[in-house]
Amino acid sequence: MRDCCVICLTETWLSDKVPDSAVQLPGFSVHRADRSQELTGKSRGGGVCFMINNSWCDYANVHPVKSFCSPDLEYLMVKCRPFWLPREFTAVIITAVYIPPQADTDRALRELYSAISSEETAHPEAAFITTGDFNKGNLKKVSPKLHQHIHFNTRGDRLLDHCYTSFRDAYKALPRAPFGQSDHRSILLLPAYRQKLKQEAPTLRAVHRWSDQSESTLRDCFDHADWEMFHVAAKDIDEYTDSVCGFIRKCVEDVVPSRTVKSFPNQKPWINGDVRTALAARSTAFASANTSDYKHAHYQLRKMIKAAKREYRDRVEQQFDNPRSMWQGLNTIADFRGKTSTPQTTASLCEDLNVFYARFDTANTMRPDSVRTADDVSARTVSEEDVRRYFRRVNPRKATGPDGIPGRVLKSCAAQLAGVFTHIFNLSLALSVVPACFKMATIVPVPKSSTISSLNDWRPVALTPIVSKCFEKLVRDFICSALPDSLDPLQFAYRHNRSTDDAIALTLHAALSHLEKRDTYVRMLFVDYSSAFNTIVPSKLDRKLQDLGLSSSLCSWILNFLSDRRQVVRLGSTTSSPITLNTGAPQGCVLSPLLYSLYTYDCTATNNSNIIVKFADDTTVVGLITNGDETAYREEVSALTHWCQDNHLTLNVAKTKELIVDFRRCRGVHTPITINGAAVERVSSFRFLGVHLAEDLTWSVHINKTVKKAQQRLFFLRRLKRFGMSPRILRTFYRCAIESILTGCITTWYGNSTAYNRKALQRVVRCAERIIGGELPSLQDIYRKRCLRKAGRIIKDSSHPSHKLFRLLTSGKMFCSIRSRTSRLRDSFFHQAIRLLNTS
């Protein structure tokens, strides 16, 4: 026990009659908050105390922050600046808590959260530890972002003592024998937190040092290039494109210098040459053992760091009109988008992943036709102006594709390169052949979670040539112009004036309207496909595109685009051998989402009592059951299964879930749905397009998770405030990073939320107001504005599936209200929107 850094004691039963010397341990300082009879009405019991090891943090660096005593709550908060701390922390603020068994737990938790929140605002870079005897209380109810580290019973068969921090797995708790006559176990907390510097190894990367001079040199080089020479000397379009791309790549390598940069996980951008010089001077002074020199060097270092931070802050604020640069600066200061460490990889893993991602190609025996019959529809052509426009829109910070052509050169030299690539694009469309270098892809696996247990835990993200992406955008415009507006109205992805809000609102409206009737319930099947984009069969897609009226030449181009695609898998510096694929569309291509939507456009409901709602590869079957007759619903699921088999889509039954909404008093036993002989799991809640849908159609689960995520992001807002950013910047960060979380799909759920839930949401807004120091828009106002805006867009779009719900009265001034019997339907989006339109 003498090696412990901090000893926290609750229910000390100490009073002002007992001096510190009576309980003080050698080598420890004592900090007490005894129970007050005037404040609690009790003279015995209670009280909290800290004993802090002087070898960890001496008495001069321990500062009591605040203490509180009431019949419901007692706590003591101290701030420690120990001799050693991870660089990401400035101090440790520890709170000892005691909540009596008979206390008003909710009031005590709100008071405690308010105190901790205010100190988090004042010290955003401190590590906060809250521990003690909570009895029936649970601090995660008011602050879901916290993690509780004690998971065993501490008194008999009950868990009464808790320890909370904002870091997952920060401590490992071990049970120990009680102190003296105590009826609680003592608990030993062993630190398990790893500082950022040790979480990830330094990385080396080669970067191009672009400058105005290098861009000017490249433009001059391409202006004088004889592009026609490449076309004349080439045997086919593949050789023509390869030679042009190789020439551009060679020019970039010769003109733009590159250097190797070493970066550390805790590296800060404001560390300039002056700060490094001051760091070296302090290290020299420390080695000399001269106290006065060391103090002077330490003072100079702090002065340089403050000046460097001030300079960096001013530079970020000057980029307010450049959102990209400003946001990158804010991310760096707040460490908002921290890098996640990549698990250790091997060469065999790259090969295994490449084979795993190609598993659908080996299972597909259908191959595209090699010869196509030409039609009388001439091939479309692209203009040089269109190519130049898309090149100028290229994001220069996007990763370079397998062709080695950076986006920076396309953006800077758009006028010089548009001509030759326009010729290549038009030649490709005329021949219905896509150059092989445009179809190359480098798959960069991204871990789906922190724990990797199988190959399926790696998400394949394709890195394709930037030139090819510009070409795909031009072809996408051709395809969209040939499609009818009424195509697949219940596909809400990749379409104008469609979003997840629309899909959720329509699904809920169909379910709630049906539940208004007697003896009804709703079954929702949330279908999950295995690598949906990788299972597209080009020959089947080709036939469907021709049925939709696309020209034969354009269909041939798309067929060639999806055939004979070469891919490799790259993990770090390891690259696999290439594999040629004839199935699927890589995730990362511009055309992949659109082609998948067209591939599944014929997946529609076969019965009027069912609805199939789609958002990209997220498919939901909604069965509206009446009088217990599930025949149509089960036939729909069976038809969907057969459709998937015919279209080479693999249903992942393990991840497919079913939600049953049944408000009847006499509920029978619901027989589970089976797919391919396996029963589908029934769940009480499901994350549907970003919102957590519960079987009782309440929103407590969704709002609790939303509040937890928003509270976690308040930490980054506090860091920006501590850094000295202006209120305008803080408000911008709040709207982008916190308000966006609180108001995600708000039109679909806020109207049905309870007053308790709304207070929890607004509590986050008030906390942000205190940090920023100004008023922020309330969620109620945001909800009202977005309902009106969403309704206005639906009314103007006659092809929207919800357009028919907004019907004008004969007067032409007001909209017809929708009948409702329950508050569930009356408070839903469409009813609320019509009321707002009629009263605004």
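In the predicted model, strand E16 (residues 520–527) and strand E22 (residues 657–661) run antiparallel to each other and are joined by 5 bridges. Within this pair, Met-524 has Leu-659 of E22 as its bridge partner. Helix H20 (residues 631–646) packs on the sheet to which these strands belong, with contacts to E16, E20, E21 and E22. The direction of H20 makes about 10 degrees with that of E16.

The sheet is open and consists of 5 strands in the order E20-E21-E16-E22-E25, and its pairing is mixed. Its edges are formed by strand E20 (610–615) and strand E25 (681–682), each of which pairs on one side only. A further helix, H16 (residues 500–515), lies across E16, E20, strand E21 (618–626) and E22. H16 runs at about 150 degrees to E16, whereas the corresponding angle for H20 is about 10 degrees.

The loop between E16 and helix H17 (538–547) contains Ser-530. This residue has a relative accessible area of 18% and is classed as buried because that value falls under the 20% cut-off. Apart from neighbours within four places in sequence, the contacts of Ser-530 are Phe-360, Thr-535, Thr-650 and Asn-652.

H17, the helix at the end of this loop, packs against helix H18 (residues 552–561) at an angle of about 160 degrees, and the two axes are 10 Å apart. Since angles over 145 degrees count as roughly antiparallel, H17 and H18 are therefore roughly antiparallel to each other. Their crossing is right-handed. On the H17 side the contact is made by Pro-538, Ser-539, Leu-541, Asp-542, Leu-545 and Gln-546, and these meet Cys-555, Ile-558 and Leu-559 of H18. By class, the residues of this contact comprise 6 nonpolar, 2 polar and 1 charged.

Another open sheet contains 6 strands in the order E4-E5-E6-E7-E9-E8, also with mixed pairing. Strand E4 (62–69) and strand E8 (147–148) are the edge strands of this sheet, each pairing on one side only. Strand E7 (residues 127–133) is paired with strand E9 (residues 161–165) in the antiparallel sense, over 4 bridges. In this pairing, Thr-131 stands opposite Cys-163 of E9.

How values were computed. Residues numbered from 1 in each chain as written. Predicted model: local features only at pLDDT ≥ 70, side-chain atom pairs only at ≥ 80, totals over all residues. Heavy atoms only, no water. Pairing = 2+ DSSP bridges. Helix = DSSP H or I, 4+ residues; strand = E, 2+ residues; numbered from the N terminus. Contact = heavy atoms within 4.5 Å. Axes fitted to C-alpha atoms, helices over the stretch in contact; angles between N-to-C directions. Buried < 20%, exposed > 50% of the residue type's maximum accessible area, 1.4 Å probe, protein only. Parallel < 35°, antiparallel > 145°, perpendicular 65-115°, else oblique. Left-handed = near helix turned anticlockwise from the far one by under 90°. Nonpolar A, V, L, I, M, F, W, Y, C, P; charged D, E, K, R; others polar.
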